[in-house]
Amino acid sequence: MLPALAQVRHHFGLTPESTDASQIITFFFTGQVAQIIFGILSDRYGRLPILRLGFPLYIVGGIAATYAPSLTVMYVARFIAGMGASAVLMTTIAGVRDRFVGDQMARVMSLVFTIFLFVPILAPFLGMAILSVASWKVVFLTPPLFAVLIFAWSLRLEESLPRHQRTTLKGTVILQSIRQVLSNKTFLRYTITTTILFSTLSSFVSSSEHMVGEIYGRPQLFPWIFGGIGLLMACFTLMNARFSARFGARRSLKTLLLVYAAIATLLFAFTLATGDPPPMGIFFAAIALLMGINLAIEPNSSALALEPLGNLAGLAASVYGTIFFFIGGSLGSIISVRLTHGVWPLVLSYFIIGFLTIGLVFSDRRPLQ
């Protein structure tokens, strides 16, 4: 739906430089706050019931957003759709954690993300194709339609959490479990790492159409740029699946972060030297590399965060996802609203976050396995 945001701005009477339309993406991300609830329920009732609850929420939210009479109503509908997506995402991660641990989990998650990332490679072109024959509302209806098909396909899945491993819904037990998750230093270190990295990713995704179309004035290039970046991201996650299997999740993560910080520093220095915005080709080439590395980092970081909490996989995955999406998406929104006439806020964020994450990950003094 990103190529349709220009029509959405026009439909709701917004100015071309307005960043309000980008909040449609942000509210979807912040809807992930529901993961904490779904995680508790999935540890009690299993992964599949929660997975099957998420799909209807996503579908209803998507349809409501399409026919929303105002942006406020659309934001609420997108938040509900995000809640539904959070149930699907959380149970997917928990299901992987039920079956795999450590470096093996990092490898499987990399493969999952590789498949996942082939969608944004093709999606902008699909959005543009639909826009050539129909309105933005048809574009917005397309994801719920796909969700109906995937929902039907998901009925073949088998439960990954045995009954004897399920927890109780007693308040004291839940609070104790949450305290156990949040007091784990390894979990916090790698969750915070992924969260602050996601803030720049969410800002780029929500603002990409505005940057290409309004700041650089080349809207016709948007699907090619976004699709190309998605292709590189898929390549990086596939590459990480091999690296994490060979060198381990922590060693791969440290290497990726050093490269990330180096590219962010070069982009920072280049923007200072050439002005804001920097030349389009250089800017998006750097963004493509940073986004690719970001998505390669996430499976390693999530595997390391969840590894010590196997007995609380559902709750830990939900806390991880809530912090990751809600806080990361909120921070990304703060960056996005400042991208009105230039890209400096995003460039500065990459630079700062690169060194913050290095400090977090390299402070883990445990011996490399």
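Phe12 is buried, and so is Trp136 (buried means under 20% relative accessible area, exposed over 50%, partly exposed in between, with a 1.4 Å probe and protein chains only). This is a predicted model: local features need pLDDT of at least 70, side-chain atom pairs count only at pLDDT 80 or more, and totals for chains, interfaces and linings use all residues. Residues are numbered from 1 along each chain as its sequence is written, and side-chain values use heavy atoms, with hydrogens and water left out.

**Aromatic contacts**
- The structure holds 18 aromatic pairs (rings of Phe, Tyr and Trp, the last by its six-membered ring, pair if their centres lie within 6.5 Å; planes under 30 degrees apart count as stacked, over 60 as edge-to-face and the rest as tilted).
- The Phe12 and Trp136 rings have centres 6.4 Å apart and planes at 50 degrees, so this pair is tilted.
- Phe12 sits in the loop between α1 (5-11) and α2 (23-30), and Trp136 in helix α7, 124 residues apart (helices are DSSP runs of H or I, at least four residues, numbered from the N terminus).
- One aromatic cluster is formed by Phe28, Phe29, Tyr58, Phe198, Tyr320 and Phe324.

**Salt bridges**
- Five salt bridges are found in the whole structure (a side-chain nitrogen of Lys or Arg within 4 Å of a carboxyl oxygen of Asp or Glu).
- Arg9 bridges to Glu209, with the closest N and O atoms 3.0 Å apart.
- Arg9 lies in helix α1 and Glu209 in helix α9 (residues 185-215), so the pair ties together parts 200 residues apart in sequence.
- Arg9 counts as buried at 4% relative accessibility, and Glu209 counts as buried at 7%.
- Arg9 also meets Glu214 in a salt bridge (3.5 Å, N to O).
- Glu214 is partly exposed, with a relative accessible area of 35%.
- Arg9, Glu209 and Glu214 are linked in a network of salt bridges.
- Asp364 forms a salt bridge with Arg250, the closest N and O atoms being 3.7 Å apart.
- Asp364 is in the segment after α14 (344-362), and Arg250 is in helix α11 (residues 249-274), 114 residues away.
- Asp364 counts as buried at 4% relative accessibility; Arg250 is buried too, at 9%.

**Helix α10**
- Helix α10 (residues 222-247) has 26 residues and should span 38 Å at 1.5 Å a residue; its end C-alpha atoms are 36 Å apart, which agrees (the expected span is 1.5 Å times one less than the number of residues).

Conventions. Helices (H or I, at least four residues) and strands (E, at least two) are DSSP runs, numbered from the N terminus.
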